[in-house]
2 protein chains.
Amino acid sequence: MYHLRIENIKNHLTANENEVSKVIGIDKINIKDLKELIDSPEAQVYKDECRKFLQKEPSFTTNFYNLDPINYKELVLKQISSIAKNGIVRFTDVRDNVYRLTSAFEIFSMYNNNITTKMGVQYTLFGGTITLLGTQRHEKYIAPADVLQIAGCFAMTEIGHGSNVRGIETTATYKKSTQEFIINSPTPTSQKFWIGGAGLHAHYATVFAKLIIDSKDYGVHAFVVPIRDTNSNQILPGITIKDCGQKLGLNGIDNGQIKFDQVHIPRENLLNKFSDVAADGTYKSAFTSPIKNFAATMAPFVVGRLGISKVNSGASKSALAIAIRFSHVRKQFGPTENNELPIITLSSQRQRLIVPLSKTIVLDLFQQKLAKDFTLEKVPSTIHAQCSGVKALYSWECIKTLQVCREACGGQGYRASNRISEFKSDVDITATYEGDNTVLMQQVAKFLLAQKPQTNLPLVRLVKPADLFNLPKILDLFRYRTELKVDQLRGLLKSSSEKNAYLAYNQLIPWGQSAANAYMETIILENTMQFIKKKLVQPLPHFCYIDTLSKIQDDLAWFISNQFISVELANSIPFILMDLCNQLTPHLLDIVEAFDIPKKALPVEDLISDLF
Amino acid sequence: MYHLRIENIKNHLTANENEVSKVIGIDKINIKDLKELIDSPEAQVYKDECRKFLQKEPSFTTNFYNLDPINYKELVLKQISSIAKNGIVRFTDVRDNVYRLTSAFEIFSMYNNNITTKMGVQYTLFGGTITLLGTQRHEKYIAPADVLQIAGCFAMTEIGHGSNVRGIETTATYKKSTQEFIINSPTPTSQKFWIGGAGLHAHYATVFAKLIIDSKDYGVHAFVVPIRDTNSNQILPGITIKDCGQKLGLNGIDNGQIKFDQVHIPRENLLNKFSDVAADGTYKSAFTSPIKNFAATMAPFVVGRLGISKVNSGASKSALAIAIRFSHVRKQFGPTENNELPIITLSSQRQRLIVPLSKTIVLDLFQQKLAKDFTLEKVPSTIHAQCSGVKALYSWECIKTLQVCREACGGQGYRASNRISEFKSDVDITATYEGDNTVLMQQVAKFLLAQKPQTNLPLVRLVKPADLFNLPKILDLFRYRTELKVDQLRGLLKSSSEKNAYLAYNQLIPWGQSAANAYMETIILENTMQFIKKKLVQPLPHFCYIDTLSKIQDDLAWFISNQFISVELANSIPFILMDLCNQLTPHLLDIVEAFDIPKKALPVEDLISDLF
Ligand SMILES: Cc1cc2nc3c(=O)[nH]c(=O)nc-3n(C[C@H](O)[C@H](O)[C@H](O)COP(=O)(O)OP(=O)(O)OC[C@H]3O[C@@H](n4cnc5c(N)ncnc54)[C@H](O)[C@@H]3O)c2cc1C
Ligand SMILES: Cc1cc2nc3c(=O)[nH]c(=O)nc-3n(C[C@H](O)[C@H](O)[C@H](O)COP(=O)(O)OP(=O)(O)OC[C@H]3O[C@@H](n4cnc5c(N)ncnc54)[C@H](O)[C@@H]3O)c2cc1C
């Protein structure tokens, strides 16, 4: 049983299975085609523009990693100014051109994640609230924000409340006599915290606060609040700002703590796309309940989460490129003392780099689908759950990928000038900000619980070797798995002794997470298959098989115990995975080439020749 | 099948299984007993001394995290000086008192890992080479090194060679006429790199170089080379030193790059415990082959690896304490809007903290066994493989634990003053230095391949619920698994088409790693069981069950597909694990208390009250 070798499997495969023959051997990789696949036809022009800009723009220096926090923040400000002034992205892109905006996130994240975090604040968070929650009366901010004459920030999180936004304490009390809102931080924990841009550079904040009219609480709404004078940069009266201090990473971002002491703003500063307060204090809302209004108010986050996952895409690709190129030139050990071999010849090194590489590409293609969803006449109702899910999955995957790449480069991965370490420290927080991953996966689970159970799904089993390469069959199986896991969760919730739905669910979060994961894996596979069908670009099938088989392996006990896969087949997976990795190995440098990472974003290939 | 609930399982269990009844419910935790268990009777006095010292010694400041690299290095020097001057550890401890030395690693690592890295360099690496590879003629270094009048470093790694130490290029050529060795860096890649202490503070280096006598290469030997004047601190002639630059972490350590330009040292500076060169150039060795001499030369690493895993122990415990305490005071969400609950009430939060907590304790107990091994009359021959294995496992586990703890604290985990982030950046390299983990796991695999196959092991199956709590049975199963995995590896190696053993093995590294892992998990379980037997300190059985069941879960597909566990039982594991976590939850703060972490090492409990 243990000796089932890949050779045997291959013999089975090549005989008469169509699907499979694609897998065996890759002739040559067409770098241009692969680049187009990864870039996407819709976004390639924007990405190429960003690449060119990044490479030539002097503010994108290459020795940022040892700047002190003050100079780092100045540098990042310079960089975002040059992006704005050159019109690389526009303030309205979050609403009008998701392709351009997310392309910039991806490419600039290949270089550094401070700049893309600052972009996220200005363009998706501040920009998103102004353009998606505001109305005509807020258009006056667009032109100056577009050229960074005004910088904005997004003040939602408070010291006391992060994930539970509905629990925030900041108040916006309507004062009829002057037609103003009074923004106030009533308690120490109500102080806004972590607000990117607030520390030094932002002139305006979109502040999330509880709307109070005549002592009645209407729930969380967003308001535009000037916090610094646009000319002098002086902090305005009634506002106290402190720096959030040294962080694990992102020390080029000026995160700030804001305290509002009865700050008056005009009535028009309420972002009133969905709800408004008339001069006389009458409240009008497009929604029947505060919770629906609240949900609509969170809309900018949907694009934002895609944006974060683009940060993960850029950082993962650079780290993989660094580790893969290094592994081709770094020699260590060999069959004889005088014949050391490149470490890419080691099976462990191949596997640990190729599995995350495959996952990265497959996730990238899923992002392309989501970006397209935003351009559709009717944005699909799945978009919120899927953007949340991909943000959580990609950020966790990216954190793991960066760790593997760091270790794969040995000690040299630890040297700041070799870049991976900076990515690691910066990217770490993508698991938390714009929605904590554990919380987001529950949003996916809750979306699934709200769906009608599907009862007519085909029931398949993987039994013969070719089944492991039969993607439609695996997709059916993944669908079935999702359904079973959601069904199990429903059953567990029902049999819970807790009357309160919140408490019942809280005992079962890991089960919700498992169902959410199964769902995400299903739609990701579905999407990759559609790409393969549209145009077979090599080595996309390899990426898809490696990604999918490694997912099956991660949940293998479940598949075996439910008899969805035969034991013999299950035992062959490690061999097949290794064989696929071996087949991909000769093409790794071409694949990395197809990422088309601007030269400036990468350290010297061998990670050591700068030392001589 | 999915609805098998823990309640049912409990009913099964309590009936008549002795082993199991221990598990259900924990009355109360005796903090003193638990502290003694974790500290170990042999080491407690040393650990308590370190705790007291750390808490009162002013150089152990609490705001090191935002120091610039220069001041950080000065601070760490001050700290190690105070340790030396107060006799907290002794230069000879690596040889004479492993308990004291490793206790210091553990406790000071609860505070910061720069200081313990610097200690590692001075005491285990420099100290280890002098005391374990030197002879009487090198005792002159001991007294001044003991009070840090001389600081040392350990110069093994070169730019071109890290893991493959036998490939280093530095030469030590014997010059008969003057009875000297000439230490030289013949190529750019032969420059020593990463040498901790070399950057600023070290006066002496133990340099690993190829011994050349009359043009004949005798392989790698270790030499004491003065590199700085002990009075003036000036770098000595022929030696060029550069700083290794900014790193992901450990920026309080002065890692340096050293180039030797024909540096003459007296013949006596060869560390000649195993091999020597007589005045006339005659080479004498206790070993018949250079490879055996080389293996003996690596001896200091054995203690060193235990030391590194103590760093992991200290850092993991502090991070867990921070995240667990935070989870008890941080409230977010709740059954109603005005009734927010502490996040420890969330099943996901419990599980993600309690599983690594259990692993940490169980690994700590295994370290105690290894420390004791060093004190035995005849140090067991397993010590090398087991120290290598535990270094790899604990460092990987610690990296995961720190990641989980960071995320579990949400955004506050990212703030440097809340400490976890500093641990993360520093500890990251424990996967690489003093032996890259992937390489170390292969040393374990090779040790296993060299053992005689065991053919008479009992074959057991887990079929009834109580079996999951039957530790002797699980231990038998773990033993069997190790044997099967080693056997599979042997079979694969035999059937490999590669003639060259190196190349054959390199295709199978992941299989070697899996066997090594199975072995380590076996001996760790065996060890924990011995502790439980000796004295039942609560909640050690819980830690053991949670650790063991989560290990079974990690390899569950293997257990199921080989029919070592019934499907029904396999499906119950997630429920049982959650139940065990729920049972431990009320005791978490007591458990953390038993770590007895010096107050100075921990941030404010809620991670926010320093902001007001
Ligand atoms: C560098 C940085 C930049 C940021 N920038 C901004 C910004 O510009 N503007 C802004 O408004 N905010 C910003 N944030 C805040 C960020 O969005 C929050 O940190 C995030 O929403 C999480 O909230 P929290 O930190 O309060 O964690 P908490 O919500 O307190 O969560 C703590 C822990 O509890 C767990 N948890 C909480 N609720 C649940 C649940 N229901 N189920 C399971 N687990 C749960 C979480 O998984 C987490 O591990 C930033 C944060 C950082 C660190
Ligand atoms: C902060 C820091 C402090 C240090 N302090 C010291 C010190 O004081 N003195 C000293 O001498 N050294 C020191 N080192 C060096 C350290 O010991 C080396 O980094 C380590 O031995 C790994 O060597 P390398 O970096 O050359 O990686 P390489 O050996 O080049 O390894 C690169 C990659 O290849 C993989 N690899 C290599 N060989 C194999 C194999 N056979 N099988 C599978 N995978 C393989 C590894 O897993 C790794 O991922 C330090 C390093 C750092 C980063």
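Me: Which backbone does a nitrogen atom of ligand 1 sit 3.0 Å from?
Reply: That is Trp194(A): one of its polar backbone atoms is 3.0 Å from a nitrogen atom of ligand 1. A polar contact here is a pair of N or O atoms within 3.5 Å; within protein, one must be able to donate a hydrogen and the other to accept it, and residues adjacent in sequence count only if both atoms are side-chain atoms.

Me: Good, and what should I know about the model itself?
Reply: This is a predicted model, where local features need pLDDT of at least 70 and side-chain atom pairs count only at pLDDT 80 or more, while totals for chains, interfaces and linings use all residues. Residues are numbered from 1 along each chain as its sequence is written, chains are lettered from A and ligands numbered from 1 in the order in which they are written, and side-chain values use heavy atoms, with hydrogens and water left out.

Me: Back to ligand 1, then. Where does ligand 1 lie, and how many residues surround it?
Reply: Ligand 1 lies between chains A and B. It has 31 residues around it, and the closest are Ser163(A), Asp436(A), Arg330(B), Arg352(B) and Glu407(B). To count as near, a residue needs a heavy atom within 4 Å of the molecule.

Me: What does Asp436(A) do with an oxygen atom of ligand 1?
Reply: An N or O atom in the Asp436(A) side chain is 2.7 Å from that oxygen. Phe154(A) uses its backbone instead, with a polar atom 2.8 Å from a nitrogen atom of ligand 1.

Me: And ligand 2, which residues come nearest?
Reply: Of the 31 residues around ligand 2, the nearest are Arg352(A), Glu407(A), Thr157(B), Ser163(B) and Asp436(B). Ligand 2 also lies between chains A and B. Polar side-chain atoms of Thr157(B) and Asp436(B) reach it, the former 2.7 Å from a nitrogen atom and the latter 2.7 Å from an oxygen atom. From chain A, a backbone N or O atom of Gly411(A) is 2.7 Å from an oxygen atom of ligand 2.

Me: New topic: where does UniProt put the active site in chain A?
Reply: The unreviewed UniProt entry places it at Glu434(A); such annotations may be inferred rather than shown by experiment. Glu434(A) is in the loop between helix 14 (420–427) and helix 15 (437–449) of chain A. Helices are DSSP runs of H or I with at least four residues, strands are E runs of at least two, and both are numbered from the N terminus.

Me: Is Glu434(A) buried or exposed?
Reply: Buried, because its relative accessible area is 12%. The cut-offs are under 20% for buried, over 50% for exposed and partly exposed in between, with a 1.4 Å probe and protein chains only. Its contacts beyond four places in sequence include Arg305(A), Lys391(A) and Leu440(A).

Conventions
Contact = heavy atoms within 4.5 Å.
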